[in-house]
Amino acid sequence: MHPVLLQVGSLKIYAYGVFVAVGFLAAIWVAGREIARQGIDREKFYDMGFWVVLSAIVGARLFHVLVYWRQYAADPVEILRLWNGGLVFYGGFLAAVAACLIYLRRNRIPFLPVADASAIGIPLGLAFGRLGCTMAGCCFGKPCDLPWAITFSDPASLAPLHVPLHPTQIYESMAGFAIFGVLYATRDRFRTPGARFWTMLILYGAARSFLEIFRDDPRGFLGPFSESQVVSAVLIVYAVASLVAARAKATPSAG
């Protein structure tokens, strides 16, 4: 793979940054179309998008730095080198949700319709972002001898060189595209506010927990589980409980 997409003199365009940017734009564009379809002011959503993207980047980096603080303590400047990878999806997701809640509350816009619209864009954006991980070599998998193993040879890659590895970045990209496709195709079937958002959390959480098994980059383990598996489990429990509560509330009790 090629971490540096283009170089002109001393200027380097990193593939990771390009694909992450494409992911954010794709997520906001798709979610914005869904917002308009629901009759919500799309311009306010786009205004919110700036703060959400900024919060997501800061949160994703902060989560990574906190988990691997010993690594960054020796060279704090490395914290600013985003092109070397190190954006944790869940850190960015939680920070983005917090920014979204603050913005929506100030503008008196209900959260769940926006969350449902965003649920379509989030996995699409993640799918593009993981293609950037593939190019950079971060989030790499364990060694394997499968026919579809990926081998990195670029010296600038963050993955081990000349070793066939599970293409975990591509696995997760495919999962993101699949979740996007399912939620987009069934977008009119979700009648309960919040149901599509919670379904996205369940689908992604399950996929992420499974794919963590094949990862071989530093994971920040909590006992036998990675931090991403723990966060996935918490979000799945929250989403299932929210779905059950919402459906129970919507179902008239027999009297």
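Analyst: Let's start with charges over rings: one counts if NZ of Lys or CZ of Arg is within 6 Å of the ring centre and within 35 degrees of the ring normal. Some housekeeping: this is a predicted model, so local features need pLDDT of at least 70 and side-chain atom pairs pLDDT 80 or more, while totals for chains, interfaces and linings use all residues. Numbering runs from 1 along each chain as its sequence is written, and side-chain values use heavy atoms, without hydrogens or water.

Arg 187 is the charge to look at: it lies over the face of Tyr 184, at 4.0 Å from the ring centre.

As for ring on ring, Phe, Tyr and Trp (six-membered ring) pair if their centres lie within 6.5 Å, with planes under 30 degrees apart called stacked, over 60 edge-to-face, and the rest tilted. That gives twelve aromatic pairs. Take Phe 50 and Trp 51: ring centres 5.0 Å apart and planes at 80°, so this pair is edge-to-face. Phe 50 is exposed at 52% relative accessibility, and Trp 51 is partly exposed at 47% (buried is under 20%, exposed over 50%, partly exposed in between, with a 1.4 Å probe and protein chains only).

Tyr 171 and Phe 214 are also edge-to-face, because their centres are 6.0 Å apart and their planes meet at 75°. Tyr 171 belongs to helix 6 (residues 168-185), while Phe 214 is in the loop between helix 7 (195-211) and strand 3 (221-222), so the pair ties together parts 43 residues apart in sequence. (Helices, H or I of at least four residues, and strands, E of at least two, are DSSP runs numbered from the N terminus.) Tyr 171 is buried at 18%, whereas Phe 214 is partly exposed at 23%. There is a cluster as well: ring pairs link Phe 89, Tyr 90, Phe 93, Phe 111, Phe 197 and Tyr 204.

Glu 34 sits in helix 1 and is buried, with 5% relative accessibility. Leaving aside neighbours within four places in sequence, Glu 34 is in contact (heavy atoms within 4.5 Å) with Ala 117, Ile 120, Arg 187 and Arg 196. Its side chain also makes a polar contact with that of Arg 37, at 3.0 Å; a polar contact is an N or O pair within 3.5 Å, and within protein one must be able to donate a hydrogen and the other to accept it, with sequence-adjacent residues counting only if both atoms are side-chain atoms.

Where helix 2 starts, a side-chain oxygen of Asp 41 comes to within 2.9 Å of the backbone nitrogen of Glu 43.
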